[in-house]
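Here is a short note to read beside the model. Please keep the structure open and find each residue as it comes up.

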Amino acid sequence: MRTLIFNGSPRKRGGSSDVVDAVCQSLSGEYRIVNVYRSQIAPCVDCRYCWTHEGCCVKDEMQEVFSYLEECDNVLIVSPLYFTELTGPLLSVLSRLQIYFSARVFQKKRLLSKTKKGAVVLVAGSESDSFEYAYRTAKVCLGEMRVTEVLPPLGFHRTDSVPVKEQAEFWEVISRVTAFFEE
């Protein structure tokens, strides 16, 4: 089993990283983590190369992500919420999924043949932050990666006052993700 994990957090020791670390410790099989704040992946610039060609003309670390997407069985998106949405750098990296949309719409073919399972874990500092918008955005991106089964939104609120690892449901959330990926 192979899992691709997008970590949308800028903090190396924050709540999102705690989630990623715990999932990695609990998963069987291999995984690849894309730490979007530390990766060398440019955003899509709508050059439209992918409208008529297979793949992307920008050659950077995203090429490795595209290769791993061909092989992986699961995709996990973990992100703090910024104004009820995924972080900007995560959205920039995910914008490169345009190659899959363009192949499907303009070239009438699919670049990824293998379907996958997916999950989204969100981390919010306040109690009032809704997961609705970020989850909807993440689901669109997962769909472009051929994720056909997605868990309902999972996440943590009040992380400004109660760290993620200290929340009662921490291990339950981790278990739900890993059990789903391994079934």
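Some ground rules come before the points. This is a predicted model, where local features need pLDDT of at least 70, side-chain atom pairs count only at pLDDT 80 or more, and totals for chains, interfaces and linings use all residues. Residues are numbered from 1 along each chain as its sequence is written, and side-chain values use heavy atoms, with hydrogens and water left out.

1. **Strand 1 and its neighbours.** Strand 1 covers residues 2-7 and strand 2 covers residues 30-35. Helices (H or I, at least four residues) and strands (E, at least two) are DSSP runs, numbered from the N terminus. Strand 1 pairs with strand 2 in the parallel sense, over six bridges. Strand 1 also pairs with strand 3, again in the parallel sense, over five bridges. Two strands pair if DSSP finds at least two bridges between them.

2. **How enclosed is strand 1?** Five of its six residues are buried, so strand 1 is largely enclosed by the rest of the structure. Buried means under 20% relative accessible area, exposed means over 50%, and partly exposed lies in between (1.4 Å probe, protein chains only).

3. **The crossover.** Strand 1, helix 1 (residues 15-26) and strand 2 form a right-handed β-α-β unit. Right-handed means this: with the strands pointing away from the viewer, the path from the first strand over the helix to the second runs clockwise.

4. **The R2 and E30 salt bridge.** The two residues from the opening question also form a salt bridge, with the closest N and O atoms 3.3 Å apart. E30 lies in strand 2 and R2 in strand 1, so the pair ties together parts that are 28 residues apart in sequence. A salt bridge is a side-chain nitrogen of Lys or Arg within 4 Å of a carboxyl oxygen of Asp or Glu. E30 is partly exposed, at 37% relative accessibility. R2 is partly exposed too, at 29%.

5. **Other salt bridges.** A search of the whole structure finds ten salt bridges. One of them joins E54 and K109, with the closest N and O atoms 3.2 Å apart. E54 sits in the loop between helix 2 and helix 3 (62-71), and K109 in the loop between helix 5 and strand 4 (116-123), 55 residues apart. E54 is exposed, with a relative accessible area of 56%. K109 is partly exposed, at 33%. Another salt bridge links R158 and E127 (3.4 Å, N to O). R158 is in the loop between strand 6 (154-156) and helix 7 (170-182), while E127 is in the loop between strand 4 and helix 6 (132-144), 31 residues apart. Salt bridges that share partners also join R2, E30 and E71 into one network.

6. **Aromatic pairs.** How many aromatic pairs does a search of the whole structure find? The search finds six. One of them is W51 with F106: the ring centres are 4.2 Å apart and the planes are at 25 degrees, so the pair is stacked. W51 lies in helix 2 (residues 49-52) and F106 in helix 5 (residues 98-106), 55 residues apart. Rings of Phe, Tyr and Trp (its six-membered ring) pair if their centres lie within 6.5 Å; planes under 30 degrees apart count as stacked, over 60 as edge-to-face and the rest as tilted. W51 is partly exposed, at 29% relative accessibility. F106 is partly exposed, at 38%. Ring pairs link W51, F101 and F106 into a cluster.

7. **An edge-to-face pair.** The rings of F170 and W171 have centres 4.9 Å apart and planes at 80 degrees, so this pair is edge-to-face. Is F170 buried or exposed? F170 is buried, at 1% relative accessibility. W171 is partly exposed, at 47%.

8. **A buried serine.** S79 is in strand 3. S79 is buried, with a relative accessible area of 0%. The C-alpha atoms of S79 and S9 are separated by 5.7 Å, although the two residues are 70 residues apart along the chain.
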